[in-house]
Amino acid sequence: MQEQFSTMESPRLEFAMEVRLRFTRVQTLPDVPTGGMRSAVYVDSGEFFGPKLKGKAVPNSGGDYAYFRPDDTAVFDARYML
């Protein structure tokens, strides 16, 4: 039996890894000029592992950055170096 390739019409998902990160530092900027607020939580340490790869998060290499809009919508941007 030949393995089916993933296509846009028939996507195939495969587990790649689990990521466990520790965040201890939080920074908030209330009342930004565009309304709402911004916040950041910074990655201090962590690890990732899966069937074909494993490793550690680079300390202080990124975090979760959020913009909380005045209409109660949260927009997230998460960036880390693994």
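**View 1. Met-17, in the segment before β1 (18–29)****.** In this predicted model, Met-17 belongs to a nonpolar surface patch that also includes Val-19, Leu-53 and Leu-82. Together, the four residues present about 300 Å² of accessible area. Met-17 is classed as partly exposed because its relative accessibility is 34%, which lies between the limits of 20% for buried and 50% for exposed residues.

**View 2. Asp-31, in the loop between β1 and β2 (37–49)****.** The backbone of Asp-31 has a phi near 55 degrees, a positive value in a residue other than glycine. With a relative accessibility of 69%, Asp-31 counts as exposed.

**View 3. Asn-60, in the loop linking β3 (54–56) to β4 (63–68)****.** Asn-60 is not a glycine, yet its phi is positive, at about 60 degrees. The residue is exposed, since its relative accessibility of 55% is over the 50% limit.

**View 4. The protein chain as the setting for the close-ups.** Of the 82 residues, 17% count as buried. The chain exposes about 6,700 Å², of which carbon and sulfur atoms supply 57%. Among contacts between residues at least 6 apart in sequence, 42% join residues at least 24 apart.

Conventions. Residues numbered from 1 in each chain as written. Predicted model: local features only at pLDDT ≥ 70, side-chain atom pairs only at ≥ 80, totals over all residues. Heavy atoms only, no water. Patch = residues over 30% accessible without salt bridge, like charges linked within 9 Å, V, L, I, M, F, W, Y side chains within 5 Å. Areas by Shrake-Rupley, 256 points an atom, 1.4 Å probe, with all protein chains shown as cover. Salt bridge = Lys/Arg side-chain N within 4 Å of Asp/Glu carboxyl O. Helix = DSSP H or I, 4+ residues; strand = E, 2+ residues; numbered from the N terminus. Buried < 20%, exposed > 50% of the residue type's maximum accessible area, 1.4 Å probe, protein only. Contact = heavy atoms within 4.5 Å.
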